[in-house]
Amino acid sequence: MPTQDPSDERIALLQGTLDLLILRTLLFGPQHGQGVARAIQEQSRDVLLVDHGTLYPALQRLESKGWIAAEWGTSANNRRARFYTITKAGRKQLTQETNQWRKLATAIGRVLGPEEH
Amino acid sequence: MWWRRKQGDFHDELEAHLQLEADQLNSEGLDPVDAQTAARRALGNRTSAEERFYESSRWMVGQHFLRDLRFATRVLLKDAKFSMLAILGLALGIGITTAIFALITATMRFGDWAAVQDPDSYVGLLSRARDTSLSYSDFRYFQQRATSFSAMSAESGRWGFILGPVSPGSEAEDVEGRFESADFLSVIGLHPALGRSFSKEEEQVAGPPVALLNFQFWQRKFSGDPGVLGKTVVLNNHAVSIVGVADARFAVADGASFYLPLEMQPLLSDRGDWLHAARATWLIVGARLRPGATRQRAQAEMDVLSPALGPDKVAVSVTAGGPINPQKRREILTAVVAVIVALSMILLIACSNLANLLLARSVVRRREIGVRLSLGASRARLVCQLLTESMLLAIAGGMLGMVFSSWLAKAVFVLVNPTPGLALQLDPTWFLYGVALSLVTGVSFGLGPALAATKTDLARSLHSEGMSGTPRSPSERIWAPRNLLVIVPLAVSLMLLIAAGLAIRFVERTFFTGPGFDSAHLIAMSFRLNSQGYDQARTLQFQEDLRSRVAGTPGVSAVTLAAASPISRGMGVFPIVSEGSAVSAEESLLHVECDVVSAGFFETLGVPVVRGRAFAVSDRDGSAPVAIVSQELVRRYWPGEEPLGKRIRLNTGSSFFEVIGVVRDLDNPRLSSATPVAYVPVGQGKLLLAGARLETPPYQMQFLIRSSGEPAALKSTLHHEALATDPSLWVNIQTLQELREESVGPIRMFSLLLSALGALALLMASVGIYAILAYAVSQRTREIGIRMALGAQRREVVILVMQRTVVLIVWGIGAGFLGALALSRILAKGLGQLGGLDPVTCVSVAVLLGTVALLASYLPSRKALRVDPVQALRCE
């Protein structure tokens, strides 16, 4: 396991949110696992930490649920890689989960009250 | 997703990830080596990821199972001796149990109640008196008055008849029949398969004599010929015409061949007129409730009707499900439960044996299990795996057992089946029962050892194998489950062996030793003249005539007549009273057998008169009453006294007979006890038997013929001679040896079966004892090693090991004796002649069992001696 520096400000992902982020990332087109991890990290401006070790079992889980499809292909720098594409069921799932997440975030925000600066 | 992604594919993907990540880091400015390391670190525990991928597969459970199965098969094949033993033991246990189950269910299917249509509205009318049956007049009274029923029918017990020759050239036969009312088929919803039931006219006293045939009898005797209708047969010397054949489902296993109108009873029987005797309660009555009528309403009506019959009439109960005596139903249930309990004992032995073996083996495998546990296998997984092994054994044993069971059930069925035309069908219930039994066996007796084996303390099992704590004293944990595994099989095999011993001794008494005279060349020829219309004068004439003709037949060295066969129990057992002795209660008197014999009886049998004289022709009706007694009677009744000249009376109210001679006992002198017998001469039989109820008239005798050559040839000559004057007579000609074999045959079968089961139980118990001791010894290896290193003698070590076993064996034998006592009580009810527990059988069986058990325990203790002290201590 990679050891984490206590001063590190990055946040480990909440349980269940990884699926959502993977699906969201794949919305922009086929991507391999490493690309997905990088994309999440970059888009969250390096706040969210993706444990590479947990990413692949998660991809496998989504695949077996039929939300994403996979195919071996070649990467931009001519490496062999397994590319994932979001399926129709995956899109539906993403919409649903995004809505849920927004509701949850709003609700938690309300409970926590106005931001204090 | 129907396909499964391969583990290798996942591995490749992770590899690709590392490459891509390293490339990226490299392009971001890290040098190649650092980039590789960083990428690997970011990925974290790769094995754990791969494992998670593996376990997410939906095929996991099935795969575990398949792997367990493969592993179990391999383990069991590796230890083939163990597996064979376990499988064979289980196969026998399950086989015997399911075979008996099949027989019980088959018997119940053949039973009368299976044929009853719409059983909910079928009831029985049982008298509340002891015998539950009603008299003829009561039956007709209820039939006319009761309004709750749409039909009512009465049936008698089975009566024996002589069926005259049905065609020229064939011979008379003894058959059984029942008297029935006309509705006997329709009341249970059946119809004659052929012809019709009795008409109104035929149900009149002295109406036309008619009969219906049993379906199976019709098939056997008349080959199912429909032309049998209207045919006339002779039953007990009366012409009876056949009007129908009963439904094939009616009374399938009953044994009665003829159904006759109730009103023919006085005609066909010489036991008197039972139609008009109010005291004769001989009918079992069944009835069909009228639509809408309830059993409660019917009962209320009967409660009103019964007292009208008179003040001394007993009440009648309306019972659900037909006229089955509740007492009898209880008896059947008891018998079924007893059989099932006995069977479960056999299965229990088989199972405890398996448990023992598994337990003993788990010791051998303790290291393996310890290693697997310490490498991270969960206990549940290991228990699952051990259970798979025991289940595999149980299922293999069960399948073999089912094969064995179908053979056994069919063999027993053929052996006992009294009615031809019946076949045993093994139905799905039987199969399901066997499968369920195997599964239950596998789980219940595999679970214990599996849990015990995986409970091992890791550190201990890996380091010091022998350390199993200080053994507590044996008596303290005598009822521990593990000890019960030794005690119970021992006790059960002891019970079975004692029962077998009793049966064998009985058979030996009556079969192997035989009587104290040559019975192979003594032919008995008996008739049922009274059933075939012969009166006293004609009978005597016939007997005298035949006697003189037989005496003149070549090959006959002697001929005599006797009322009862010398190998039967005589004409009955009577209390003996000597003239001038004090009057005492009948129970305290000596009971003796008695027989009425003609002159020449003792010479024909070859039994010498040891004192006094034999009967002479002058001892006859009208001369002074005389008797001859056996030696045993003298020994018991007049020890040390002079018997000749004493006067005895055998039946209250009969005359006194003077003892004129003493004969040697008929019983084999090798037997420890003989039967006291008294004989009286032919003409004086009626003096002896005055007032006694007899099945046959006292003047009707059977012939005893001593053959000088081969009895088989003489038998056919005698047969010809017997039928010379009247070819319609029924005659039975057999040597006394054949008659004896016939009577002890079933008991011999029974004793053989019991001994086989007992031997099986003994074998299983020994294997179990061996296994449990091997287990105990291996647990104490270290202790034994230390003892030997400190100078313990071999003898002391053996004693140490066997001490515990001896206690267990003693307990097992003690419990077995208690069980045997109970079993002998049950057996004594069924087979009265078997007698109680005799010390010889008990002691010899206990010694045999104890020896075998000690032997089984000696072998592992020898193994203890081979323990190398150095080796045992080095285990540390």
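Author: Let us begin with contacts in chain B, where two residues are in contact if their C-beta atoms, placed from the backbone, lie within 7 Å. Among the contacts in chain B with a separation of 6 or more, 83% join residues 24 or more positions apart. This is a predicted model, in which local features need pLDDT of at least 70, side-chain atom pairs count only at pLDDT 80 or more, and totals for chains, interfaces and linings use all residues. Residues are numbered from 1 along each chain as its sequence is written, while chains are lettered from A and ligands numbered from 1 in the order in which they are written.

Reader: How many helices and strands has chain B?

Author: Helices (H or I, at least four residues) and strands (E, at least two) are DSSP runs, numbered from the N terminus. Chain B has 26 helices and 24 strands.

Reader: Is Gly622(B) buried or exposed?

Author: A residue is buried if 20 or more other C-beta atoms lie within 10 Å of its own, exposed if 12 or fewer, and partly exposed in between. Gly622(B) counts as exposed because it has 6 C-beta neighbours inside 10 Å. Its place is in the loop between strand S18 (609-612) and strand S19 (626-630) of chain B. Of the 876 residues of chain B, 38% count as buried.

Reader: How is the packing of two helices described?

Author: Two packed helices are described by the angle between their axes and the distance between the axes. Axes are lines fitted to C-alpha atoms, for helices over the stretch in contact, and angles run from 0 to 180 degrees between N-to-C directions. In chain A, the axes of helix H1 (residues 17-26) and H3(A) come within 10 Å and cross at roughly 75 degrees. H1(A) and H3(A) are therefore roughly perpendicular, a term for angles of 65 to 115 degrees. Leu18(A), Asp19(A) and Ile22(A) of H1(A) make the contact with Ala58(A), Leu59(A) and Leu62(A) of H3(A).

Reader: What is the order of the strands in the open sheet of chain A?

Author: Strands of a sheet pair through backbone hydrogen bonds, either parallel or antiparallel. Here two strands pair if DSSP finds at least two bridges between them. The open sheet of three strands has the order S2-S5-S4 (chain A), with antiparallel pairing. Strand S2 (31-32) and strand S4 (68-74) of chain A each have a single partner strand, so one side of each is left without a neighbour in the sheet. Two bridges join S2(A) to S5(A), and His32(A) stands opposite Phe83(A) in S5(A).

Note on methods:
Parallel < 35°, antiparallel > 145°, perpendicular 65-115°, else oblique.
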